[in-house]
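Visitor: I have a model open and would like to learn how to read it feature by feature. Could you walk me through it?

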Amino acid sequence: MEAIAIQDIYIRQPYESYTEEDHETWRRLYRRMLPRWEQYANERFRTGIHSLSLSTDRIPRLEDVNKFLSPLTGFRAKAVSGYVPAFLFFDCLRNREFPTTVTIRNGQTLDYLPEPDIFHDIAGHVPMHTDRNFAETLVRFGECAHTAAAVVSEIRDPAERTRLLTSIFRAMARFFWFTIEFGLMRSRDGIRVYGSGLLSSFGEIQHAIDSPDVQRYPIQLEWAINQSFEIDHYQPLLFIVDSFDHLYSLVAELERWMKAGKLNHVAPGEPAVNEIDLQSFLDAGAGL
Ligand SMILES: [Fe+2]
């Protein structure tokens, strides 16, 4: 396996490289989401969008976003060159940095997106980081990753260490998916969206709330960590939290379960766990 040098991951946003077509893609994506956010997004997201003063017409400069964001919660969007190994990603959250993709999708295929882009990261994730309770939840997630690295570093046998880490990481990835990426929240006006995968998808944000084909259940930790998911179609199952305090308490519980060995044998299945992510936890554990 090739090691990824940390200095190659974090980059400067190459702002002058965006073409007019790229800015036009941003404009089209952003404008068509506005009415959807009004209708389906949770209140904190809508407040967040306003406090960031994001441009409708141009791809934002991360430094401008951060001028509004960091005074609120200490979070900063940090440009990355692409994939960030999982431990490093969580460790960034712990340090209130959000690894942010700076490329934008092809304007021909607004809806199909196998990987994050700047629209998903800045318009879908970052407005949530303006909320104090949500921000604390992300930091707590980062702390969980440290706990995971510490827990597995105590296992002597390398094969058992990898097996255990795979299970714990799968539990974390599932929980992250069903909350931070695809979470729903109860509100006075009914069920609203707070997951960024939904907040950045024109089609799925509506589908998540209105479609009779989606099962929506109050979140249960034991269910979420054992539930597989697929990333290439609309989600047929979504979980609802009561509030961001509730979400925070679930992350704290996830960490307690990790320490108590309750994540050591989660159900097999998606997501597939890759070697780069596992190695990033093992390297972190070795350095503790
Ligand atoms: Fe995301």
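Visitor: Let's start with the backbone. Where is the place of serine 53?

Guide: Serine 53 sits in the loop between α3 (43–52) and α4 (62–73). Helices here are DSSP runs of H or I with at least four residues, strands are runs of E with at least two, and both are numbered from the N terminus. Before going on, two notes on the source: this is a predicted model, where local features need pLDDT of at least 70, side-chain atom pairs count only at pLDDT 80 or more, and totals for chains, interfaces and linings use all residues. Residues are numbered from 1 along each chain as its sequence is written, and side-chain values use heavy atoms, with hydrogens and water left out.

Visitor: What is phi of serine 53 near?

Guide: The general idea is that most residues other than glycine have a negative phi, and most peptide bonds are trans. In serine 53, phi is near 50°, a positive value in a residue other than glycine. Arginine 96 has a positive phi too, near 60°, and is found in the loop between α5 (86–94) and β2 (97–101).

Visitor: Which residues does a cis peptide bond join?

Guide: Glutamate 270 and proline 271, with omega at about 0°. Proline 271 lies in the loop between α12 and α13.

Visitor: And why does serine 53 count as partly exposed?

Guide: Go by relative accessible area: buried is under 20%, exposed is over 50%, and partly exposed is in between (1.4 Å probe, protein chains only). Serine 53 has 47%, so it counts as partly exposed. Arginine 96, at 23%, is partly exposed as well.

Visitor: Which residues does asparagine 264 touch, not counting residues up to four places away in sequence?

Guide: A contact means heavy atoms within 4.5 Å. By that rule asparagine 264 touches Arg163, Leu164, Ser167 and Ile168, leaving out residues up to four places away in sequence. Asparagine 264 lies in the loop between α12 (244–259) and α13 (275–286), and counts as buried because its relative accessibility is 17%.

Visitor: Is glutamate 154 buried or exposed?

Guide: Glutamate 154 is exposed, at 66% relative accessible area. You'll find it in the loop between α7 (132–153) and α8 (158–181). Then try aspartate 232 and proline 114, which are 118 residues apart in sequence and 7.4 Å apart in space, C-alpha to C-alpha. Aspartate 232 is in the loop between α11 (221–224) and β6, exposed with a relative accessible area of 64%.

Visitor: Now the metal. Which residues coordinate the iron ion?

Guide: Donors are N, O and S atoms within 2.8 Å of the metal (3.2 Å for Na, K and Ca), and water is not among the atoms, so sites may look incomplete. Here the iron ion is coordinated by NE2 of His120, NE2 of His125 and two OE entries from Glu181, at 2.0 to 2.7 Å. Along the sequence these donor residues are spaced H-x4-H-x55-E. Histidine 120 is buried at 10% relative accessibility, and histidine 125 is buried at 3%.

Visitor: What geometry does the site of the iron ion have?

Guide: Four donors count as tetrahedral if all angles lie between 85 and 135 degrees; four count as square planar and six as octahedral if opposite donors are over 155 degrees apart and all others between 65 and 115; anything else is irregular. The angles among the 4 donor atoms of the iron ion run from 53 to 142°, and the site is irregular.

Visitor: How many disulfides does the structure hold?

Guide: A disulfide is a pair of cysteine sulfur atoms within 2.5 Å, and the structure holds 0. The sulfur of cysteine 92 is 16 Å from the closest cysteine sulfur, in cysteine 144, which is too far for a bond. Cysteine 92 is buried at 4% relative accessibility, and cysteine 144 is buried at 0%.

Visitor: Finally, how many helices and strands does the chain have?

Guide: The chain has 13 helices and 6 strands. Buried residues make up 52% of its 288 residues.
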